[in-house]
Amino acid sequence: MKEVIATPSRTKELLERYELRAKKNYGQNFLVEPGIVEKMARHAVVSDHCAVIEIGPGIGALSQFLCTYAKRVIAYEIDTRLPAVLADSLSAYDNFELRMQDFLSVDVKGLVESLCAQGYDVAVAANLPYYITTPILFRLFEANAQIAAITVMMQKEVADRFYAQCNTKEYNALSVITQYRCDITPIMKIPRNVFMPRPQVDSTVLQFRLKPGLPHIQEERLFALIKACFKQRRKTILNNYGTFLQNKEIAESRLKQAGIHPTVRSESLGLADFIRLYEVNGNGN
């Protein structure tokens, strides 16, 4: 391997050579601990014939290890300062392709189908800033694409909400909806002191593996129900669900049919509870 990018000295050298500073509006913080980047890449690459879609390669710290373990890496970037840096830092790798495009405008299903047709197992890897984490993940979740795994580094507080279990303060509608769509595995926690510049928060790497939806469930209606039940967190489920139905008596009856006590709060209910409530709710009507 060419000189590792994810070290303080190499990162500083590249930033100085190209007169770069981390852009706050892009949420840029450069990881300078190679062991962490390599571990993330090893988890992200799911097979010996894997094509990885990387979102936001930066100066190539993660890309370098993805190129080492994957057959192909296609990276999407919006910072117009970075193509020259990546051409330099990843010059040793002929399996890296940079596409200057906002990933939110990409036809994800078409891209994944094209790669699968070429015989690749497709995975996604990214180090995502706070402001774009949820939009990117939900674009991937909703693409109905054959993605083997999505491995993402994100702000710890955001990761905690995705992975939260019931009866915790982090648990909310986002937790339930994401856990309906995915099996979620925490890969590692990352302290703030391994970034340059140092952010004010720690990070976490999660891996999402998409699950097939239940055939009798219309997701849009299920998710609307879940969001409504969490609308006012400190209220009982009867209050929130009654508002959703605009009829408290019907709400109480359906909660009892679903085996849910009307005085509990939504944060104490698991995914299976919300699915039962959806089913007695007449498929969300």
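**Figure 1. The side chains of Glu 13 and Arg 10 are joined by a salt bridge, with 3.0 Å from N to O.** This view, like those that follow, comes from a predicted model. Glu 13 and Arg 10 both belong to helix 1, which covers residues 8-17, and because they are three residues apart there, about one helical turn separates them. Arg 10 is buried, with a relative accessible area of 4%, whereas Glu 13 is partly exposed at 29%. Side chains of opposite charge can pair when their charged atoms come close.

**Figure 2. Glu 13 also meets Arg 17 in a salt bridge, at 2.4 Å from N to O.** Glu 13 and Arg 17 are four residues apart in helix 1, so about one helical turn lies between them. Arg 17 has a relative accessibility of 44% and counts as partly exposed. A network of salt bridges links Arg 10, Glu 13, Arg 17 and Asp 88.

**Figure 3. A salt bridge joins the side chains of Asp 79 and Arg 81, at 2.8 Å from N to O.** Asp 79 is buried, with 1% relative accessibility. Arg 81 is partly exposed, and its relative accessible area is 26%. The count of salt bridges comes to 17.

**Figure 4. Ile 78, Tyr 130 and Tyr 131 make up a nonpolar patch on the surface.** Together these residues have about 320 Å² of accessible area. Tyr 131 is part of helix 6. With a relative accessibility of 44%, Tyr 131 counts as partly exposed.

**Figure 5. Asn 144 has a positive phi, near 55°, although the residue is not glycine.** Most residues other than glycine have a negative phi. Asn 144 sits in the loop that runs between helix 6 (130-141) and strand 6 (149-155). The relative accessible area of Asn 144 is 61%, which means that the residue is exposed, the cut-off being over 50%.

**Figure 6. Asn 167 is another residue other than glycine with a positive phi, here near 70°.** Its place is in the loop between helix 7 (156-163) and helix 8 (173-181). Asn 167 counts as exposed because its relative accessibility is 56%.

**Figure 7. The peptide bond that leads from Met 196 to Pro 197 is cis.** Omega for this bond is near -10°. Most peptide bonds are trans. Pro 197 lies in the loop between strand 8 (195-196) and strand 9 (203-210).

**Figure 8. The second largest pocket has a volume of about 280 Å³.** Its lining consists of 14 residues, and those closest to the centre of the pocket are Phe 141, Asn 144, Leu 210, Lys 211 and Glu 219. By type, the lining divides into eight nonpolar, two polar and four charged residues. Rolling a probe the size of a water molecule over the atoms shows where empty space is left.

Figure 9. The C-alpha atoms fill a box of roughly 70 × 45 × 30 Å, taken along the principal axes. The protein has 285 residues, and buried residues make up 50% of them.

Methods:
Residues are numbered from 1 along each chain as its sequence is written. This is a predicted model: local features need pLDDT of at least 70, side-chain atom pairs count only at pLDDT 80 or more; totals for chains, interfaces and linings use all residues. Side-chain values use heavy atoms; hydrogens and water are left out. Helices (H or I, at least four residues) and strands (E, at least two) are DSSP runs, numbered from the N terminus. Buried means under 20% relative accessible area, exposed over 50%, partly exposed in between (1.4 Å probe, protein chains only). Patches are made of residues with over 30% relative accessible area and no salt bridge: like charges are joined within 9 Å, nonpolar side chains (Val, Leu, Ile, Met, Phe, Trp, Tyr) within 5 Å. Accessible areas come from the Shrake-Rupley method with a 1.4 Å probe; for residues, only the protein chains shown count as cover. A salt bridge is a side-chain nitrogen of Lys or Arg within 4 Å of a carboxyl oxygen of Asp or Glu. On a 1 Å grid over the protein atoms alone, a cavity is a set of points where a 1.4 Å probe fits but cannot get out, and a pocket is an open set with protein on both sides within 12 Å along at least five of seven lines; lining residues have an atom within 4 Å of a point. Grid points are joined across faces, edges and corners, and a volume is the space filled by probe spheres set on the points. Ala, Val, Leu, Ile, Met, Phe, Trp, Tyr, Cys and Pro count as nonpolar, Asp, Glu, Lys and Arg as charged, and the others, Gly among them, as polar.
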